[in-house]
Amino acid sequence: MKLEPRFLEKIANSAIQEGIADIVYSEFDTPLGRLLVARSDKGVCLIAYPGQSQRALLGRLSTSLSPRIVLSQQALAKTQATIVSYLEGRTSSLDIPVDLSLVTSGFGRRVLENVSLVARGRVTSYGRLAQECGNPGAARAAGTALGRNPVPIVVPCHRVLPSTGIVGGYGGGSWRKQYLLELEGALPKS
Amino acid sequence: MSSLPPFWLLVEQHGDELMRYARRLSGDDAEDVLQEALLKALRSYPKLGNGDHLRAWLYRVTTTAAWDLSARRRRRPEVLIDSLPVTVSGSQEQDGDDFGSLIEQLPQGARAALTLRYVEDLSYESMGTRLGCSPEAARQRVSTAVRSLRKRLT
């Protein structure tokens, strides 16, 4: 006897309505592959690209935030629609609240908050970003903080390029960074 | 900082066997029982000190939910008297640990009856031969032991 998705969704929704599900997650397909997305009551706290262990990702949430984690496609349907629509180029805004609770370093948080100010279609450099965070010599540390961004796409760490002008590295792989920058008009379509 | 696994992974890992167990306890009310049990478990989950014996804990919560539902409906759950309130099929090593910890407080006779019946999977005839009693007496011993175990789990 296998538990039916309908039954599991019903339990998850009851838990959410009662306020005892601290983290809700879902997985769905996008042009950038299947994403795992999790949110707390403050906002989206994790977006993971394919290739990472689901167990490890949820374990990180459990250890760092709360073990009261449930799966619900329905509860994340709106977030899913917003992300998919953006990545398919049908909308140009990603109006999704973000929860950076997984970021424990003060500098890391400043980096992610500052990169969120870089508008769609614009890019910045690691050095400039470090400077804006009040630490002009910390370009490498800024890069590390961006590499640990738990909410890629929504917190646009892809809008930071090396001063050499190439696309540079990206946690989800360079092709995804290229895709996002082309989608946003920061790079010409290849 | 929690050392507990994500709750939903527990649901995915044990949900099917808990549903089978709930069905044995409560028949057609199994879905209601399991839903109530999982919500109850989720409410108290962060208060658990560690991640030990989570499967046995979920069984206890499901048992309590079945009895609560039954009490609310003013009738006893539809259970067979020799229906064990835990599952002992699956990983023998894990079952041995879980089951052993569940029955360790029971009297020696009850522990022996449950072990022969549910771990060694003996028939009542074979149990009678092993215990030197009739099959009916063996059945009675298992029934008494199951009652004791149920009492402890509720």
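In this predicted model, Arg6(A) and Glu31(B) form a salt bridge in which the closest N and O atoms are 3.0 Å apart. Across the interface of chain B and chain A, the rule finds two salt bridges. Polar contacts between chain B and chain A come to nine residue pairs, with both residues at pLDDT 80 or more.

On the side of chain B that touches chain A, the elements giving two or more residues are helix 1 (7-26) and helix 2 (30-44) of chain B. Helix 1 of chain B gives the most to this side, with ten residues. The make-up of that side of chain B by class is as follows.

| Class on the side of chain B that touches chain A | Count |
|---|---|
| Nonpolar | 15 residues |
| Polar | three residues |

How many residues does the contact take from chain B and from chain A? Chain B gives 24 residues and chain A gives 26 residues. The size of an interface is often given as the accessible area lost when the parts come together. Between chain B and chain A, the buried area is about 2400 Å², and carbon and sulfur atoms give 65% of this area.

The last topic is the cysteines. A disulfide is a covalent bond between the sulfur atoms of two cysteines. Over all chains, the count of disulfides by the rule is zero.

Methods
Residues are numbered from 1 along each chain as its sequence is written. Chains are lettered from A and ligands numbered from 1 in the order in which they are written. This is a predicted model: local features need pLDDT of at least 70, side-chain atom pairs count only at pLDDT 80 or more; totals for chains, interfaces and linings use all residues. Side-chain values use heavy atoms; hydrogens and water are left out. Contact means heavy atoms within 4.5 Å. Buried area is the accessible area (1.4 Å probe) that two parts lose on being put together, summed over both. A salt bridge is a side-chain nitrogen of Lys or Arg within 4 Å of a carboxyl oxygen of Asp or Glu. A polar contact is a pair of N or O atoms within 3.5 Å; within protein, one must be able to donate a hydrogen and the other to accept it, and residues adjacent in sequence count only if both atoms are side-chain atoms. Helices (H or I, at least four residues) and strands (E, at least two) are DSSP runs, numbered from the N terminus. Ala, Val, Leu, Ile, Met, Phe, Trp, Tyr, Cys and Pro count as nonpolar, Asp, Glu, Lys and Arg as charged, and the others, Gly among them, as polar. A disulfide is a pair of cysteine sulfur atoms within 2.5 Å.
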